[in-house]
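Look at the chain below before reading on.

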Amino acid sequence: MPELLTMQELDTALVGLPAVHKSGTSLLRVRVKAPGFPQAVELISRVALSAEEMNHHPDVDLRFDKVTFTLSTHSSGGVTALDVELAQRIMVHVDSVGAEVLAPAARVELAIDTRDADAIRPFWRAGLGYVERRGDEGIELHNPDEVGPVVWFQPTEDSREQRNRIHFDVYVPFDEAPKRVADAVEAGGRLVTDEFAPDWWVLADADGNELCVCTQ
């Protein structure tokens, strides 16, 4: 079974691959826009041949001229050297069809405040039918098909009985975050704090339910 890469090993391996985006050590993504639908299909075909040669296959999402490749070694539970090698091959094929690299799509998280993540994670895993994957902030829960929000557990030292203990995080490209914050405020929200900006802003709706706009 291929060995999982550590975060440091993964960061080193991706130095020459700025278009490849990671989600902790659980998966890699490449998102591109082809010149048209035929080129998008051609790109998938070329990647398929490389994947067959390696006997290691990505998940593929095709939406007209946009293609997203998601890479993870499921038998190992995260990213291995196989995924990095396949990402390198994908980028060669991306160039060969004249595709344009895109920023990663927004990542949505459901964050649950807890004093004991190990005690409540099994409930959410079973109830949602999700699987455990290791992310930047510890163990997360993911939909096996990588759709829907990621669930992560935010450590807290108090019970926060007067506050909703579940909130959403949305991760957007760095240069898009200020506009996302401004749009949310204009739409009836309020800025709770920008103390942690530009890493994240805390917003709330009129009822006090919180949303963190985070940069990736």
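## Ground rules

This is a predicted model, in which local features need pLDDT of at least 70 and side-chain atom pairs need pLDDT 80 or more, while totals for chains, interfaces and linings use all residues. Residues are numbered from 1 along each chain as its sequence is written, and side-chain values use heavy atoms, without hydrogens and water.

## The whole chain

The chain has 5 helices and 13 strands. Both are DSSP runs, numbered from the N terminus: helices are H or I with at least four residues, strands are E with at least two. Along the principal axes, the C-alpha atoms fill a box of roughly 55 × 40 × 30 Å.

Buried residues make up 39% of the 216. Buried means under 20% relative accessible area, exposed means over 50%, and partly exposed lies in between (1.4 Å probe, protein chains only). Now take contacts between residues at least 6 apart in sequence: 61% join residues at least 24 apart. A contact means heavy atoms within 4.5 Å.

## The cavity

Rolling a probe the size of a water molecule over the atoms shows where empty space is left. Here a cavity is a set of points, on a 1 Å grid over the protein atoms alone, where a 1.4 Å probe fits but cannot get out; lining residues have an atom within 4 Å of a point. The count is 1 cavity of 30 Å³ or more. The largest cavity has a volume of about 40 Å³, the space filled by probe spheres set on the points, which are joined across faces, edges and corners.

Its lining includes Leu27, Asp59, Ser72 and Arg133.

## Serine 72

Where is serine 72? The residue lies in the loop between strand 4 (66-71) and helix 3 (81-96). Serine 72 counts as buried because its relative accessibility is 7%. Leaving out residues up to four places away in sequence, serine 72 touches Ser26, Leu27, His56, Gly78 and Asp83.

## Leucine 191

Leucine 191 sits in strand 11 (residues 190-193). With a relative accessible area of 38%, leucine 191 is partly exposed. Beyond four places in sequence, leucine 191 touches Val185, Trp201, Val202 and Leu203.

Terms used:
On a 1 Å grid over the protein atoms alone, a cavity is a set of points where a 1.4 Å probe fits but cannot get out, and a pocket is an open set with protein on both sides within 12 Å along at least five of seven lines; lining residues have an atom within 4 Å of a point.
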